Amino acid sequence: MVIIMKNTVKKNLCTFIAVIVAASATIVFAGCSDNGAPQASTGSEGVASQTSDDASAVSQTKQPAKKRETIKIDDIAWNVDQGIVDGEKYVLLDYTNNSKYTVTDFEMTFKEKGSVTEEDKENFYNEIKDKFSMSDDDISELKQRDISMHAETEKIVEPGESAKNINCYYYSGIYYLKDMNHFNLVEPDVATIKYINDNKIYTSYYDFSTKKYSEDENTEEAYY
(Lines give C-alpha, C1' and ligand atoms only; values in the text may rest on other atoms or scores of the structure.)
Protein backbone atom coordinates (compact mmCIF):
# COMPACT_ATOMS: atom_id res chain seq x y z
CA MET A 1 0.00 0.00 0.00
CA VAL A 2 2.73 2.42 0.81
CA ILE A 3 4.49 1.87 -2.49
CA ILE A 4 1.31 2.30 -4.45
CA MET A 5 0.49 5.51 -2.62
CA LYS A 6 3.97 6.93 -3.30
CA ASN A 7 3.62 6.20 -7.03
CA THR A 8 0.20 7.78 -7.08
CA VAL A 9 1.43 10.90 -5.35
CA LYS A 10 4.43 11.07 -7.66
CA LYS A 11 2.17 10.73 -10.75
CA ASN A 12 -0.21 13.40 -9.49
CA LEU A 13 2.68 15.73 -8.75
CA CYS A 14 4.07 15.31 -12.29
CA THR A 15 0.67 16.01 -13.74
CA PHE A 16 0.32 19.15 -11.61
CA ILE A 17 3.77 20.43 -12.66
CA ALA A 18 2.99 19.82 -16.35
CA VAL A 19 -0.21 21.83 -16.06
CA ILE A 20 1.61 24.70 -14.32
CA VAL A 21 4.34 24.76 -17.01
CA ALA A 22 1.78 24.78 -19.83
CA ALA A 23 -0.17 27.56 -18.17
CA SER A 24 3.00 29.61 -17.68
CA ALA A 25 3.98 29.21 -21.32
CA THR A 26 0.53 30.39 -22.39
CA ILE A 27 0.80 33.45 -20.14
CA VAL A 28 4.29 34.28 -21.49
CA PHE A 29 3.24 34.11 -25.15
CA ALA A 30 0.06 35.97 -24.44
CA GLY A 31 2.04 38.66 -22.70
CA CYS A 32 4.36 39.05 -25.72
CA SER A 33 1.41 39.33 -28.01
CA ASP A 34 -0.29 41.94 -25.83
CA ASN A 35 2.90 44.04 -25.65
CA GLY A 36 3.00 44.24 -29.46
CA ALA A 37 6.45 42.63 -29.81
CA PRO A 38 6.72 41.41 -33.41
CA GLN A 39 6.96 37.65 -33.88
CA ALA A 40 9.54 36.23 -36.23
CA SER A 41 7.04 35.57 -39.03
CA THR A 42 5.27 38.90 -38.55
CA GLY A 43 8.56 40.82 -38.67
CA SER A 44 9.69 39.33 -41.99
CA GLU A 45 6.32 40.04 -43.53
CA GLY A 46 6.49 43.65 -42.34
CA VAL A 47 9.91 44.19 -43.97
CA ALA A 48 8.76 42.62 -47.24
CA SER A 49 5.65 44.77 -47.26
CA GLN A 50 7.64 47.98 -46.66
CA THR A 51 10.10 47.09 -49.44
CA SER A 52 7.21 46.41 -51.80
CA ASP A 53 5.61 49.77 -50.95
CA ASP A 54 8.89 51.60 -51.59
CA ALA A 55 9.31 49.89 -54.96
CA SER A 56 5.72 50.74 -55.85
CA ALA A 57 6.29 54.39 -54.92
CA VAL A 58 9.40 54.55 -57.13
CA SER A 59 7.62 52.93 -60.05
CA GLN A 60 4.74 55.38 -59.75
CA THR A 61 7.04 58.41 -59.74
CA LYS A 62 6.81 60.13 -63.12
CA GLN A 63 10.10 60.15 -64.96
CA PRO A 64 10.90 63.39 -66.84
CA ALA A 65 9.90 63.13 -70.50
CA LYS A 66 12.81 63.04 -72.92
CA LYS A 67 12.96 66.25 -74.91
CA ARG A 68 12.44 65.71 -78.62
CA GLU A 69 15.30 66.78 -80.84
CA THR A 70 14.52 69.54 -83.33
CA ILE A 71 16.19 71.01 -86.38
CA LYS A 72 18.35 74.12 -85.92
CA ILE A 73 19.00 77.07 -88.22
CA ASP A 74 22.71 76.23 -87.99
CA ASP A 75 21.86 72.99 -89.82
CA ILE A 76 20.74 75.06 -92.83
CA ALA A 77 23.60 76.64 -94.80
CA TRP A 78 21.73 79.36 -96.70
CA ASN A 79 22.93 82.16 -98.95
CA VAL A 80 21.33 84.95 -101.00
CA ASP A 81 23.08 86.30 -104.08
CA GLN A 82 22.39 87.46 -107.60
CA GLY A 83 22.22 84.80 -110.27
CA ILE A 84 20.96 84.18 -113.78
CA VAL A 85 17.95 82.01 -114.60
CA ASP A 86 16.70 81.68 -118.21
CA GLY A 87 18.98 84.50 -119.23
CA GLU A 88 17.64 86.99 -116.67
CA LYS A 89 19.21 88.28 -113.46
CA TYR A 90 17.42 87.53 -110.19
CA VAL A 91 18.16 87.67 -106.50
CA LEU A 92 18.21 84.00 -105.51
CA LEU A 93 18.34 81.95 -102.33
CA ASP A 94 20.31 78.70 -102.13
CA TYR A 95 20.56 76.39 -99.14
CA THR A 96 22.09 73.06 -98.15
CA ASN A 97 20.43 70.76 -95.64
CA ASN A 98 23.17 69.73 -93.21
CA SER A 99 20.74 68.24 -90.70
CA LYS A 100 19.78 64.58 -90.25
CA TYR A 101 16.17 65.37 -91.18
CA THR A 102 14.38 65.64 -94.52
CA VAL A 103 13.29 69.23 -95.09
CA THR A 104 9.95 69.62 -96.88
CA ASP A 105 9.62 73.42 -96.81
CA PHE A 106 12.00 76.29 -96.16
CA GLU A 107 11.08 79.96 -95.99
CA MET A 108 13.05 83.08 -95.13
CA THR A 109 11.54 86.49 -94.46
CA PHE A 110 13.62 89.66 -94.41
CA LYS A 111 12.87 92.96 -92.69
CA GLU A 112 14.08 96.51 -93.17
CA LYS A 113 17.45 97.26 -91.62
CA GLY A 114 17.58 99.84 -88.87
CA SER A 115 20.37 101.64 -90.71
CA VAL A 116 18.25 102.42 -93.78
CA THR A 117 17.91 106.18 -94.32
CA GLU A 118 14.98 108.16 -95.70
CA GLU A 119 17.03 108.82 -98.82
CA ASP A 120 17.57 105.06 -99.28
CA LYS A 121 13.84 104.52 -99.00
CA GLU A 122 12.95 107.28 -101.46
CA ASN A 123 15.33 105.86 -104.06
CA PHE A 124 13.89 102.40 -103.47
CA TYR A 125 10.28 103.52 -103.96
CA ASN A 126 11.11 105.46 -107.13
CA GLU A 127 12.93 102.49 -108.64
CA ILE A 128 10.26 99.88 -107.96
CA LYS A 129 7.60 102.32 -109.20
CA ASP A 130 9.36 102.45 -112.57
CA LYS A 131 10.19 98.72 -112.66
CA PHE A 132 6.65 97.54 -112.00
CA SER A 133 4.64 100.49 -113.33
CA MET A 134 3.08 101.15 -109.93
CA SER A 135 0.65 103.99 -109.33
CA ASP A 136 1.17 106.78 -106.85
CA ASP A 137 -1.50 105.18 -104.66
CA ASP A 138 0.40 101.86 -104.68
CA ILE A 139 3.62 103.58 -103.63
CA SER A 140 1.81 105.58 -100.95
CA GLU A 141 0.45 102.35 -99.53
CA LEU A 142 3.91 100.74 -99.51
CA LYS A 143 5.37 103.72 -97.70
CA GLN A 144 3.08 102.92 -94.76
CA ARG A 145 4.92 99.64 -94.30
CA ASP A 146 8.50 98.70 -93.57
CA ILE A 147 10.46 97.30 -96.50
CA SER A 148 10.37 93.50 -96.47
CA MET A 149 11.13 90.53 -98.74
CA HIS A 150 10.78 86.78 -98.67
CA ALA A 151 11.85 83.54 -100.33
CA GLU A 152 10.25 80.12 -100.06
CA THR A 153 10.55 76.65 -101.54
CA GLU A 154 8.52 73.47 -101.04
CA LYS A 155 11.17 71.30 -102.63
CA ILE A 156 11.94 68.18 -100.58
CA VAL A 157 15.60 68.28 -99.62
CA GLU A 158 17.19 65.19 -98.11
CA PRO A 159 20.10 65.39 -95.64
CA GLY A 160 23.24 66.54 -97.43
CA GLU A 161 21.34 67.81 -100.48
CA SER A 162 20.74 71.38 -101.66
CA ALA A 163 18.01 73.55 -103.13
CA LYS A 164 19.13 76.22 -105.57
CA ASN A 165 17.77 79.21 -107.52
CA ILE A 166 14.92 79.99 -105.13
CA ASN A 167 13.43 83.34 -106.12
CA CYS A 168 13.19 86.19 -103.66
CA TYR A 169 10.18 88.50 -103.75
CA TYR A 170 9.37 92.05 -102.66
CA TYR A 171 7.28 92.17 -99.50
CA SER A 172 4.95 89.18 -99.35
CA GLY A 173 3.79 89.67 -102.94
CA ILE A 174 4.54 88.14 -106.30
CA TYR A 175 7.08 90.57 -107.77
CA TYR A 176 10.48 88.97 -108.35
CA LEU A 177 13.44 90.65 -106.70
CA LYS A 178 16.13 91.36 -109.30
CA ASP A 179 18.16 94.19 -107.81
CA MET A 180 20.79 93.16 -105.26
CA ASN A 181 20.99 96.76 -104.03
CA HIS A 182 17.38 96.47 -102.94
CA PHE A 183 18.12 93.28 -101.03
CA ASN A 184 20.90 95.07 -99.19
CA LEU A 185 18.20 97.19 -97.51
CA VAL A 186 16.93 94.20 -95.53
CA GLU A 187 18.20 91.64 -93.03
CA PRO A 188 16.98 88.16 -91.93
CA ASP A 189 13.83 88.20 -89.85
CA VAL A 190 12.27 84.73 -89.45
CA ALA A 191 13.18 81.31 -90.84
CA THR A 192 10.44 78.68 -91.16
CA ILE A 193 11.61 75.08 -91.49
CA LYS A 194 9.33 72.12 -92.03
CA TYR A 195 11.03 68.78 -91.51
CA ILE A 196 10.23 65.10 -91.09
CA ASN A 197 10.83 63.31 -87.79
CA ASP A 198 9.28 59.91 -86.91
CA ASN A 199 7.03 60.05 -89.99
CA LYS A 200 5.55 63.40 -88.99
CA ILE A 201 6.14 66.86 -90.43
CA TYR A 202 7.05 69.41 -87.79
CA THR A 203 7.33 73.18 -88.23
CA SER A 204 10.09 75.10 -86.50
CA TYR A 205 10.49 78.90 -86.46
CA TYR A 206 13.68 80.79 -85.77
CA ASP A 207 13.65 84.49 -84.88
CA PHE A 208 16.94 86.08 -85.91
CA SER A 209 16.38 89.08 -83.65
CA THR A 210 15.84 87.17 -80.41
CA LYS A 211 17.78 84.06 -81.49
CA LYS A 212 14.91 81.93 -80.19
CA TYR A 213 13.05 78.94 -81.59
CA SER A 214 9.33 78.21 -81.59
CA GLU A 215 7.63 74.93 -82.48
CA ASP A 216 4.21 74.78 -84.11
CA GLU A 217 1.85 72.55 -82.11
CA ASN A 218 0.25 71.22 -85.29
CA THR A 219 1.90 68.38 -87.19
CA GLU A 220 1.19 66.55 -90.42
CA GLU A 221 1.55 62.92 -91.39
CA ALA A 222 4.45 62.42 -93.78
CA TYR A 223 3.51 60.48 -96.91
CA TYR A 224 6.24 59.36 -99.26
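Colleague: Which side chains meet in a salt bridge at 2.3 Å, N to O?

Modeller: Those of Asp 136 and Lys 129. A salt bridge is a side-chain nitrogen of Lys or Arg within 4 Å of a carboxyl oxygen of Asp or Glu, and 2.3 Å is the N to O distance here, so this pair qualifies under that rule. Before we go on, this is a predicted model, in which local features need pLDDT of at least 70 and side-chain atom pairs count only at pLDDT 80 or more, while totals for chains, interfaces and linings use all residues. Residues are numbered from 1 along each chain as its sequence is written, and side-chain values use heavy atoms, with hydrogens and water left out.

Colleague: Good to know! Why does Lys 129 count as partly exposed?

Modeller: Buried means under 20% relative accessible area, exposed over 50%, and partly exposed in between (1.4 Å probe, protein chains only). Lys 129 has 29% relative accessibility, so it counts as partly exposed.

Colleague: What makes Lys 121 and Glu 112 a salt bridge, and are the two residues buried or exposed?

Modeller: Their side chains meet at 3.1 Å, N to O. Lys 121 is buried because its relative accessible area is 16%, and Glu 112 is buried because its relative accessibility is 14%.

Colleague: How do you know that Lys 143 and Glu 122 link distant parts of the chain?

Modeller: First, their side chains meet in a salt bridge of 3.5 Å, N to O. Lys 143 is in the loop between helix H4 (136–142) and strand E4 (148–153), Glu 122 is in helix H3 (residues 118–131), and the two are 21 residues apart. These helices and strands are DSSP runs numbered from the N terminus (helices H or I, at least four residues; strands E, at least two). Lys 143, at 39%, counts as partly exposed, and Glu 122 is partly exposed with 36%.

Colleague: Why are E3 and E6 called paired strands?

Modeller: Two strands pair if DSSP finds at least two bridges between them. Strand E3 (residues 102–112) and strand E6 (residues 186–197) are joined by 10 bridges and run antiparallel. Lys 111 stands opposite Glu 187 in E6. E6 is also joined to strand E7 (residues 200–207), by 8 bridges, again antiparallel.

Colleague: And what does Phe 124 contact, leaving aside its neighbours within four places in sequence?

Modeller: Contact means heavy atoms within 4.5 Å. With those neighbours left aside, the partners of Phe 124 are Ile 147, Met 149, Tyr 170, Tyr 171, His 182 and Leu 185.
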